[in-house]
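User: I have a model open on my screen and would like to learn how to read it. Could you walk me through it?

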Amino acid sequence: PDGAHVPALVIGTGYGGSVTALRLAQAGVDVHMIEMGMAWDTPGPDGTIFANTTSPDYRSYWLRTRTKQPLSNFLGFPIDKDVPLHTGILDAEDFSGISVYQGRGVGGGSLVNGGMAVTPRRENFGGVLPSVNPDEMYNVYYPRANAGLGVTEVDPGWWESADCYQYARVGRKHAERSGFPFVFVPNVYDWDYMKQEQAGAVPRSALRGEVLYGNNHGKKTLQKTYLAQARATGRVAISPLHKVTSVTPASGGRYTVVIEQLNTTGVTTATKAVTADRVFFAAGSVGTSKLLTKLKATGALPGLNGEIGKGWGDNGNVMCGRANHMWDPTGSLQSAMPTAGIDNWAAGGAFAEVAPLPTGIETYASFYLSITKNPNRGQFTYHPATGKVELNWQTAWKQPSINAAKTIFDKINAKEGTIYRTDLFGVYKIWGDHLTYHPLGGVVLNKATDNYGRLHGHPGLYVADGSLIPGNTSVNPFVTITALAERNAERVIAEDF
Ligand code: FDA
């Protein structure tokens with residue numbers, strides 16, 4: 001309520017926020033989490049909490065009146081459609097030159113993501129978080145994160161015969177015929193549940209294509225892992241549909257936090273001010289960067305340093321499809337949870353996930369999301385005339401990503417006698433170079449903060465999310481975000497509380 005005081009306030013309920021809240025609560029600190037998205041704990045009129053991927057509705061998008069599907073076209077035809085304005089689950093946030101997809105709701109990105117839980121190869125870690133000791137990460141914090149998230153590997157014997165992974169086996173065959181290492185990646189999906197989906201024994205979720213707009217079954221989101229544990233301590237409260245707009249110093253070393261309460265059409269219905277002894281920014285790379293860039297530029301937090309808003313990257317995301325021959329069908333039943341990738345990081349700077357195209361019909365297509373070594377970095381700046389924070393990314397900055405992905409797919413196409421699909425992102429457009437699923441950086445560790453996420457210039461303010469990671473993780477990012485949050489929380493709790 002307005003005027004309340006809390007010992008620790010956490011902005012956002014994604015990976016960084018959930019880890020921080022749990023560890024604080026276990027150390028005896030009362031925590032209040034503020035989340036701009038919805039709780040996602042109540043079924044809609046159709047009896048399910050989340051909308052299906054093939055029939056987006058009011059639940060699917062954050063404050064849009066038309067869907068913005070990552071694959072915008074099929075056979076060249078646009079597939080987006082009108083939906084009612086609602087505080088839905090997937091935000092396609094448009095900046096100049098890039099749309100940044102993010103989860104909105106209690107659980108953050110865990111609500112909408114593919115569940116791929118990948119630890120970077122140790123030899124690449126120096127390029128991921130150069131100021132962090134790899135020994136402590138690989139011996140302590142990565143294992144702790146994987147355990148906390150419920151990460152497991154698919155049963156290889158089942159995978160070899162399951163209809164729903166035919167597309168992945170085709171991906172493996174093409175990778176191996178061209179000499180590329182094909183690697184399995186762990187996931188947070190419940191494999192026993194998926195086996196029962198394949199067997200027709202339970203309601204389908206991954207096997208109904210559910211992922212982008214939430215999974216009604218099977219996926220271990222943060223709601224089922226870190227946040228469930230956090231709530232069980234009795235010390236963690238969560239306020240959904242509340243958005244933090246300002247944090248300023250108050251007397252006694254505390255901070256005043258201004259919070260807007262939203263209704264489900266995004267209208268502010270109340271504005272509250274609370275005080276907090278400590279504030280943890282865990283609003284995601286974009287959310288935290290936008291907040292801190294504005295608070296620095298407007299003088300609300302004058303002690304922040306010149307690194308705020310810098311070092312933002314897209315994890316080198318780029319998408320493409322390949323058209324297969326008729327003798328290489330990828331299957332009409334495709335699990336929405338990817339299990340494997342093509343690892344050409346060392347030679348070509350690309351790690352390509354073999355992704356599903358769960359349309360329910362045979363497409364004879366292979367689809368890939370590549371994570372690439374793209375050196376370009378954007379910067380957030382505040383524009384007083386509009387009151388908005390902008391990002392200076394340019395679409396042309398994806399060219400190094402396209403070049404890296406081509407080191408894999410040009411070779412596979414030459415070997416197989418196949419071509420790129422040109423109908424998935426427009427008409428005669430091969431590359432999905434207009435988006436990212438993996439925003440990282442903007443408040444980089446050991447630059448905008450100390451080496452444990454403490455913001456410079458304002459004791460008691462911390463950053464705990466993907467904004468700490470300088471733009472690239474060489475693989476999918478959430479395990480690294482979780483492990484870094486575990487590491488920083490342990491240090492901060494030991495030294496500052
Ligand atoms: P995260 O974005 O999870 O959480 C931030 C939270 O803060 C959000 O809930 C947001 O609503 C809230 N917030 C923001 N501003 C606020 C404010 N001002 N006030 C209150 N609340 C605020 N990664 C991976 O490793 N494997 C995968 O398979 C995938 N797949 C994937 C698919 C899709 C479609 C997407 C969009 C993303 C992925 N990802 C992924 C990426 C992964 O989900 C992402 O890296 C993490 O969720 C980021 O975690 P954070 O803790 O940084 O923020």
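This is a predicted model: local features need pLDDT of at least 70, side-chain atom pairs count only at pLDDT 80 or more; totals for chains, interfaces and linings use all residues.

User: What is the mean pLDDT of the protein chain?

Analyst: The chain averages a pLDDT of 97, and 100% of its residues reach 70 or more. The model also scores ipTM 1.00 and pTM 0.99.

User: Let's move to sheets. In what order do the strands of the open sheet of 6 strands lie?

Analyst: The general idea first: strands of a sheet pair through backbone hydrogen bonds, either parallel or antiparallel. Here the order is E7-E14-E15-E16-E13-E19, and the pairing is antiparallel. At the edges sit E7 (182-184) and E19 (419-420), each of which pairs on one side only.

User: How many bridges join E13 and E19?

Analyst: There are 2 bridges between E19 and E13 (residues 318-323), again in the antiparallel sense. To find the spot on your screen, look for Ala 323, which stands opposite Ile 419 in E19.

User: Which helix packs on that sheet?

Analyst: That is H10, residues 399-416. H10 touches E13, E14 (340-344), E15 (350-355), E16 (365-372) and E19, and its direction makes about 20° with that of E13.

User: What does the open sheet of 3 strands look like?

Analyst: Its order is E5-E6-E20, with mixed pairing. E5 (90-95) and E20 (435-436) are the edge strands, each pairing on one side only. E5 and E6 run antiparallel over 6 bridges, and Phe 95 stands opposite Ile 98 in E6.

User: Now helices. At what angle do H1 and H11 pack?

Analyst: The angle is about 30°, and the axes are 9 Å apart. H1 passes H11 in a right-handed crossing.

User: Which residues of H1 and H11 meet?

Analyst: From H1, the contact includes Tyr 15, Val 19, Arg 23 and Leu 24. Among their counterparts in H11 are Phe 478, Ile 481, Ala 485, Glu 486 and Ile 493. Sorted by class, the contact of H1 with H11 has 8 nonpolar, 3 polar and 3 charged residues.

User: Last topic: how many residues surround the ligand?

Analyst: The shell holds 39 residues, and the closest are Gly 12, Gly 14, Gly 108, Gly 109 and Gly 287. By class, the shell divides into 16 nonpolar, 19 polar and 4 charged residues.

User: Which elements give two or more residues to that shell?

Analyst: They are H1 (15-26), E6 (98-103), E9 (242-249), H8 (284-297) and H11 (478-496). H8 supplies the largest share, 4 residues.

Key. Residues are numbered from 1 along each chain as its sequence is written. Two strands pair if DSSP finds at least two bridges between them. Two residues are in contact if their C-beta atoms, placed from the backbone, lie within 7 Å. Axes are lines fitted to C-alpha atoms, for helices over the stretch in contact, and angles run from 0 to 180 degrees between N-to-C directions. pLDDT is the predictor's confidence in each residue, from 0 to 100. A residue is near a molecule or strand if its C-beta atom, placed from the backbone, lies within 6 Å of it. Ala, Val, Leu, Ile, Met, Phe, Trp, Tyr, Cys and Pro count as nonpolar, Asp, Glu, Lys and Arg as charged, and the others, Gly among them, as polar. A crossing is left-handed if the near helix is turned anticlockwise from the far one by less than a right angle, and right-handed if clockwise.
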